[in-house]
Amino acid sequence: MSTNLTLNGKTQVLRSDPGTPLLYVLRNELRLNGAKFGCGMGQCGACTVIVDGKPVFSCMTPLAALEGRSVRTVEGLGNAEAPGPLQAAFIRHQAAQCGYCIAGMLTRAQALLDKHPHPTEQQVRAHMEPNLCRCGTHHRILAAIMDVAHGGRP
Amino acid sequence: MKIRTIAGAGAAMLALTFGALYAWTRPAAIAPVTQALPAPAPGVLAAGARVVALGDCMVCHTAKGGAAYAGGLGLATPFGTIYSTNITPDPDTGIGRWSAQAFRRALREGVARDGHLLYPAFPYIHYTRMYDGDIDLAYRYLMSRTPVRTMQPANELVFPLNFRPLLAFWNALYLRPGETGTAAPTATPLARGRYLVDTLGHCASCHSGLNPMGGERKPAFRGGNIDGWDAPALTGLAHGPVPWRQQELVEYLRGGLSLGHGAAKGPMRPVTEHLATVPREDVEAIALYLMSIQAPHPAPEGARAAPLVSVATAPDTPGAAGARLFAAACASCHAASAPLTRINGRPGLALSSALQGARPDNFIQTVLHGVPWDPASPVYMPPFADVLDDEQVAQLAAYIRTGIAARPAWHDVARTSAKLRKETQE
């Protein structure tokens, strides 16, 4: 039983059991290790990816729910050689300390900017609330997102 | 030309009738107060806060993310949306110019200070029987809040219900005014509980359901549906797989979590948050009264079947698809073997009231929207509205309802899910 979906713009046929959470499929079948396992219960946001434009916790998103849908991970935002605007802003603002939460932070923020390119700080704060950073770099993360939102590089 | 004349005359007649009706039904305005009230003594303030918490004023009179008591929350009724009013003491947009007498009339008769009739989304048919002392305490408390200058959006009601004088007819049907001069009797806990449930807490507003006229169904407490959530029958608490016991009800009403039934969700959650702030004896009285109104046991249902997981998940059924979704989306917290189920003796999924209910609404609402994060609450669940579509919600229901809760399958889950999803979209 296979599942067809679009991953970072490309069609993918996935062979994992449909009862597997997307996070495991990304990391084990596809070797995309950006999204992280944090709590496994939708409480921390380290595993966040974008499904059909909405940020979701991939640790509790069944592969069976993704037939025909579009998934975007942090790998789809850019790479080390050519970082996307949001990734570049995170680097400029040194928004990562240990870095474990950053893939989730980037994807959740990207989902907001795709929908509202110029959010207010209040909107950014409310939108980012589900994602935790245990190092406490929230203020740098916020500054990086606001930079993209209002620096003309959405 | 002739038709136009007749139409014109008809319109004039109609206007005249409505005008006369308006003049006939409109109570007199009560003179505004211009002098600020002295600050209430701390004892009065605390007693007023208790009345206002027990009356659940804030639940409706505060918009999502808005200032406390400043109104603006849209209440979806079968007749359109009514926005709650600003009951902070702002002179222009709130109740700052209301005298104690005007406030008392509003609670007893559903009439605003200036004489216009209030919509019965405001539960004056219950508040009308409040003790004078409690009304005055609520008044002193509300008048000491920070004034907020804000206007709620205009009500969106269907014609002719946007014509307020018609409420006089509704009041004739459903308002049995309480008496001014009503003093608190030397109450037994049971009498206190009845007062808190029937009058101040107006539980029947949600738990009785509405008839087509927008009146509460009689007999009371047989269950209703509010904001897309099922409000269970309060007369059936002693039934079900785990009958409620009084002490458990007290813990649930004060803490929002029952170990045998699950968490307070949807519109019930803020009710428990407010009951957490009042003296325990009040909640004990509420529970005592609720246990006293239990209906006799219905005919025995026969031995309850053990969950038939093998039947629920037969190959190529919605239940089988649901089991796959459950494994990935739910099991890390809700599987019998999940570590989370071992914390503080949490209720197993099988006993959840949302799964045991006759209708799937509360299950669907919980899956779609989760239980929002609140630092004061031990209960949290992430939302799945962006993960699962309506068909998948139905598959999940097919598995959990029959395979875990061992109850007969619900019908129309996908359609209800689509409807509830649409109603709650921003």
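Which residue in strand 2 of chain B stands opposite Gly74(B)? The first legend below gives the answer. The views come from a predicted model, in which local features need pLDDT of at least 70, side-chain atom pairs count only at pLDDT 80 or more, and totals for chains, interfaces and linings use all residues. Residues are numbered from 1 along each chain as its sequence is written, while chains are lettered from A and ligands numbered from 1 in the order in which they are written.

**View 1. An open sheet in chain B is built from 3 strands in the order 1-2-3, with antiparallel pairing.** Helices (H or I, at least four residues) and strands (E, at least two) are DSSP runs, numbered from the N terminus. Two strands pair if DSSP finds at least two bridges between them. Strand 1 (residues 74-77) and strand 2 (residues 80-83) of chain B are antiparallel and share 4 bridges. Tyr83(B) in strand 2 is the residue opposite Gly74(B). These two strands of chain B make a hairpin, with 2 residues between them. Strand 2 of chain B is also joined by 2 bridges to strand 3 (residues 156-157) of chain B, again running antiparallel. Here Gly80(B) has Leu157(B) of strand 3 as its bridge partner. Strands 1 and 3 of chain B are at the edges with a single partner strand each, so one side of each has no neighbour in the sheet. In a regular strand the side chains alternate between the two faces of the sheet.

View 2. Most residues other than glycine have a negative phi, and most peptide bonds are trans. Pro160(B) belongs to the loop between strand 3 and helix 7 (167-174) of chain B. Pro219(B) is found in the loop between helix 9 (204-207) and strand 4 (224-226) of chain B.

**View 3. Helix 14 (residues 318-329) packs against helix 18 (residues 390-404) in chain B.** The angle between them is about 95°, and their axes are 7 Å apart. Axes are lines fitted to C-alpha atoms, for helices over the stretch in contact, and angles run from 0 to 180 degrees between N-to-C directions. Helix 14 of chain B is therefore roughly perpendicular to helix 18 of chain B (angles under 35 degrees count as roughly parallel, over 145 as roughly antiparallel, 65 to 115 as roughly perpendicular and the rest as oblique). Residues of helix 14 that make the contact include Pro318(B), Leu325(B) and Phe326(B), and those of helix 18 include Leu396(B), Tyr399(B) and Ile400(B). Two residues are in contact if their C-beta atoms, placed from the backbone, lie within 7 Å. The contact has 10 nonpolar, 6 polar and no charged residues. Ala, Val, Leu, Ile, Met, Phe, Trp, Tyr, Cys and Pro count as nonpolar, Asp, Glu, Lys and Arg as charged, and the others, Gly among them, as polar.

**View 4. Chain B meets chain A through 15 residues of chain B and 18 residues of chain A.** On the chain B side, helix 14 and helix 15 (331-334) are the elements that give two or more residues. Helix 14 of chain B gives the most, with 6 residues. By class, this side of chain B has 11 nonpolar, 2 polar and 2 charged residues.

**View 5. Domain 1 (3-76) and domain 2 (77-150) divide chain A.** Domain bounds come from an automatic or database domain assignment. The C-alpha centres of the two domains of chain A are 19 Å apart. Contact is made by 16 residues of domain 1 and 15 residues of domain 2 of chain A. On the domain 1 side, strand 3 (48-51) and strand 4 (54-57) of chain A each supply at least two residues. Strand 3 of chain A has the largest share of that side, 3 residues. The residues on the domain 1 side comprise 8 nonpolar, 6 polar and 2 charged.

**View 6. Arg31(A) has a positive phi of about 60° although it is not a glycine.** Arg31(A) lies in the loop between helix 1 (22-29) and strand 3 of chain A. Arg31(A) counts as exposed because it has 7 C-beta neighbours inside 10 Å. A residue is buried if 20 or more other C-beta atoms lie within 10 Å of its own, exposed if 12 or fewer, and partly exposed in between; C-beta atoms are placed from the backbone.
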